[in-house]
Amino acid sequence: QVQLVESGGGLVQAGGSLRLSCAASGRTFSIHTMAWFRQAPGKERDYVAAIVWSSGRTYYAESVKGRFTISRDNANNTVSLQMNSLTPEDTAVYYCAALRVGAQRYDSWGQGTQVTVSS
């Protein structure tokens, strides 16, 4: 099992930046991919970005491409999400998730961190 703890959320004005971090513990050797998802009020949870743990290859949702950057620090078992040029549409609870090697879905989730962007 992998445990995940997010940090770094908060309130920011439109056009501003925030950096989220996610610390992984437990069976971190089993991680294949780490990702960020978000869920706005009344909406489904959406994929935001992902990074392959071994190679560092990254993937982004179209809505955040060019504004968000996902990165990882293997030595410290952390993944970060740098968010720039934020808009009110980015307001959501952001979740960190882990996909283990051989798994079919993300099955380790953090508790979430609130990001609120004011206009």
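These notebook entries record what I looked up in a predicted model of a protein.

**Ground rules**

I noted that the model is predicted, that local features need pLDDT of at least 70 and side-chain atom pairs pLDDT 80 or more, while totals for chains, interfaces and linings use all residues. I also noted that residues are numbered from 1 along each chain as its sequence is written, and that side-chain values use heavy atoms, with hydrogens and water left out.

**Entry 1: overall form**

I began with the secondary structure and found zero helices and eleven strands in the protein, where helices (H or I, at least four residues) and strands (E, at least two) are DSSP runs numbered from the N terminus. Read from the N terminus, the elements run β-β-β-β-β-β-β-β-β-β-β.

Along the principal axes, the C-alpha atoms fill a box of roughly 40 × 25 × 25 Å.

For the surface I used accessible areas from the Shrake-Rupley method with a 1.4 Å probe, in which only the protein chains shown count as cover for residues. The total comes to about 6,100 Å², and 48% of this belongs to carbon and sulfur atoms. Buried residues make up 44% of the 119 residues, buried meaning under 20% relative accessible area, exposed over 50%, and partly exposed in between (1.4 Å probe, protein chains only).

I also checked how far contacts (heavy atoms within 4.5 Å) reach along the chain: of those between residues at least 6 apart in sequence, 53% join residues at least 24 apart.

**Entry 2: nonpolar cores**

Next I looked for nonpolar cores, each a set of buried Ala, Val, Leu, Ile, Met, Phe, Trp, Tyr and Cys residues joined through side-chain atoms within 4.5 Å. The largest has 30 residues, and those with the most contacts inside it are Met 34, Trp 36, Val 79, Leu 81, Met 83 and Tyr 94. Several strands each supply at least two residues of this core, among them strand 1 (2-7), strand 3 (18-26), strand 5 (45-52), strand 7 (68-73) and strand 11 (113-118). Apart from this core lies another, of six residues, including Phe 37, Ala 50, Ala 97 and Tyr 106. As background, I recalled that in soluble globular proteins nonpolar side chains tend to be buried together.

I followed Val 79 individually: leaving aside neighbours within four places in sequence, Val 79 is in contact with residues including Leu 20, Cys 22, Met 34, Trp 36, Ile 51, Trp 53, Ile 70 and Cys 96. Phe 37 lies in strand 4 and counts as buried because its relative accessibility is 11%. Among the residues that Phe 37 touches, beyond those up to four places away in sequence, are Tyr 47, Val 93, Tyr 95, Ala 97, Tyr 106 and Trp 109.

**Entry 3: salt bridges**

I counted four salt bridges, taking a salt bridge as a side-chain nitrogen of Lys or Arg within 4 Å of a carboxyl oxygen of Asp or Glu. One of them joins Arg 38 and Asp 90 at 2.9 Å, N to O. This pair links distant parts of the chain, with Arg 38 in strand 4 (residues 31-39) and Asp 90 in the loop between strand 8 (78-83) and strand 9 (92-100), 52 residues apart. Arg 38 counts as buried because its relative accessibility is 12%, and Asp 90 counts as buried because its relative accessibility is 1%. Arg 38, Arg 67 and Asp 90 are linked in a network of salt bridges.

Polar contacts are pairs of N or O atoms within 3.5 Å; within protein, one must be able to donate a hydrogen and the other to accept it, and residues adjacent in sequence count only if both atoms are side-chain atoms. By that rule, the side chains of Arg 38 and Tyr 94 are joined at 2.9 Å.

I then turned to the pair Glu 62 and Lys 65, whose closest N and O atoms are 2.7 Å apart in a salt bridge. Glu 62 is exposed at 63% relative accessible area, whereas Lys 65 is partly exposed at 46%. Asp 107 and Arg 100 meet in a salt bridge of 2.5 Å, N to O; Asp 107 is partly exposed at 24%, and Arg 100 is partly exposed at 28%.
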